[in-house]
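Here are my notes on the model you sent over.

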Amino acid sequence: MRTEIIEDRNFKILSFIIALMPVSYAIGSLILSINSIIVIIFGLFIFKTEIFIVKKKFLGYLIYFFFFYVILITIYNNINFLDENELYKKNIIKSFLYLRYLLLFLVINKLAEKSFLQIKYLYYTSIFMVSFLLFDILLQFYSGKDIFGIVSDDPNRLAGFFGNEYIAGGYLQIFSFFLIFSSILFSKNKKIFLSIFLLSTILLVISIPMTGNRMPFFLFLFCLLLFGFLERKLRKVSLTICLVFFTLFTILINIEPKQIKHYNKLLKIHTLTNDFYKNSKDIFLNSKTLFEGNMENEVKSAHLKTFYAGIDLWKENRVFGSGLKSFRINCKFGFNKLCNTHPHNYYIELLLDLGLIGFLSISSIFIISLWGFLKKNYLTFSKTFYERLIVMPSFLIIFAYAFPIKSSGSFFTTTVSTFIFLFLAILVNSETIKL
């Protein structure tokens with residue numbers, strides 16, 4: 001009896017430490033890394049070698065293969081050049097350190113497999129952080145300062161308590177649906193759910209554009225549309241919100257700045273909207289011609305130039321890839337080519353670093369996880385509406401990460417890898433997750 005009490009307490013503590021990750025992310029990547037390490041150490045203490053057994057065997061094989069392939073291909077591509085550049089040695093070390101995300105996945109997967117993950121703690125911290133950041137951004141927009149007195153260096157980009165690190169839009173997009181579905185924690189009343197759903201969605205639709213993070217905003221709307229498509233009861237509401245936005249978006253890109261020059265706040269939104277529209281238009285119209293190598297004119301989009309540099313470099317080693325973080329070492333500037341630390345798209349980066357083999361393995365992991373959730377929740381309809389919503393944020397987060405047509409950070413960064421493998425572990429165990 002006493003052993004069961006101790007185990008139950010340990011599972012709750014581990015769930016709480018996992019739930020601190022949205023808070024750790026807001027503080028900084030170092031704190032997030034420390035948080036992850038604590039989860040791994042405490043998980044190993046509780047489960048010991050049991051964590052290495054994944055019940056969904058095929059998925060487990062894919063995940064193990066992906067992580068060990070990262071190490072093998074990085075060693076193969078870097079081992080002969082250790083004396084030429086310090087980065088080759090660092091890349092090999094980083095490939096081994098990347099195994100911590102495998103351990104993170106395995107710990108959370110085992111906790112979820114056994115139905116011991118207290119996901120309500122993750123809801124609580126995400127709801128608090130998203131609500132606080134929403135308030136902070138709105139305050140900064142109207143007063144010029146956030147709650148801590150921080151003034152943004154860029155008048156067209158607001159980050160709230162993130163200061164001059166402009167990642168607030170991405171943060172809101174990742175954790176937004178925990179707030180949107182927050183009523184499931186305390187009520188199953190349809191009116192209460194709809195009220196919170198509408199209020200939080202409208203606040204997010206207003207606040208995310210203020211951050212200047214354009215892609216997170218469109219991903220948020222796309223996820224909202226997907227949710228509306230899956231849940232018929234909320235289809236009209238979701239579609240209406242998105243249609244209202246797209247109508248306003250169309251008006252903003254066609255209006256002349258001089259017509260709103262006396263409305264500073266609206267002029268900021270107009271500038272952001274037009275920049276996003278022009279950049280997206282450039283990418284959409286020119287990408288095919290550019291990637292085929294037939295582009296005679298210089299493209300304007302810096303993202304498109306970076307994408308092209310990555311695609312062109314991938315062609316040198318299509319099947320096996322060039323190893324972890326190869327873009328920064330091998331990229332060469334040229335006509336319509338722009339080099340950076342990474343190619344600003346997850347799939348281009350994965351193709352470049354891990355080739356078709358690594359790309360197909362991680363793509364398969366995404367597809368199996370997303371399809372498994374849809375199959376269990378929307379083909380068999382074995383769960384109620386509120387039961388489906390418990391894991392819905394994790395589904396939408398992984399869908400957003402897996403969405404191919406977008407600019408992004410590096411797949412292998414602390415923040416991205418932490419939350420991909422955290423929410424993957426939750427998603428693949430959706431049938432065992434309860435509040």
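1. Start with how α3 and α6 cross: α3 goes past α6 in a left-handed crossing. Keep in mind that this is a predicted model. The two helices, α3 at residues 29-47 and α6 at residues 99-113, pack at an angle of about 50°, and their axes are 9 Å apart. The pair is therefore oblique.

2. Which residues make that contact? On the α3 side they are Ser 36, Val 39, Ile 40, Gly 43, Leu 44 and Phe 47. From α6 come Arg 100, Leu 103, Leu 104, Val 107, Lys 110 and Leu 111. Sorted by class, the α3 and α6 contact has eight nonpolar residues, two polar and two charged.

3. Ser 36 deserves a look of its own. Setting aside neighbours within four places in sequence, Ser 36 is in contact with Met 21, Leu 104 and Thr 418. Leu 104 is also one of the α6 residues in the helix contact described above.

4. Now to the other helix pair, α7 (residues 119-143) and α8 (residues 168-180). These pack at an angle of about 130°, with axes 8 Å apart. That angle makes α7 oblique to α8, and the crossing of these two is left-handed.

5. What does α7 bring to α8? The α7 residues are Leu 122, Tyr 123, Ser 126, Ile 127, Met 129, Val 130, Ser 131, Leu 133, Leu 134 and Ile 137. They meet Ala 168, Tyr 171, Leu 172, Phe 175, Ser 176, Phe 178 and Leu 179 of α8. By class, the contact of α7 with α8 comes out at 14 nonpolar and three polar residues, with no charged ones.

6. Lys 48 isn't a glycine, yet has a positive phi of about 55°. You'll find Lys 48 in the loop between α3 and α4, where the lysine counts as exposed at 53% relative accessibility. Ser 115 also has a positive phi without being a glycine, with a value near 65°. Ser 115 lies in the loop between α6 and α7 and is partly exposed, at a relative accessible area of 43%.

7. Pro 343 is buried, with a relative accessible area of 1%. Leaving out residues up to four places away in sequence, Pro 343 touches Thr 306, Phe 307, Gly 310, Phe 327, Ile 348 and Glu 349. Lys 325 is 18 residues from Pro 343 in sequence, and their C-alpha atoms are 9.8 Å apart in space.

8. Last, the overall picture. The protein has 17 helices and zero strands. It runs to 435 residues, and 54% of them count as buried. Looking at contacts between residues at least 6 apart in sequence, 72% join residues at least 24 apart. The accessible surface of the protein is about 20,800 Å², and carbon and sulfur atoms account for 65% of that.

Note on methods:
Residues numbered from 1 in each chain as written. Predicted model: local features only at pLDDT ≥ 70, side-chain atom pairs only at ≥ 80, totals over all residues. Heavy atoms only, no water. Axes fitted to C-alpha atoms, helices over the stretch in contact; angles between N-to-C directions. Helix = DSSP H or I, 4+ residues; strand = E, 2+ residues; numbered from the N terminus. Parallel < 35°, antiparallel > 145°, perpendicular 65-115°, else oblique. Left-handed = near helix turned anticlockwise from the far one by under 90°. Contact = heavy atoms within 4.5 Å. Nonpolar A, V, L, I, M, F, W, Y, C, P; charged D, E, K, R; others polar. Buried < 20%, exposed > 50% of the residue type's maximum accessible area, 1.4 Å probe, protein only. Areas by Shrake-Rupley, 256 points an atom, 1.4 Å probe, with all protein chains shown as cover.
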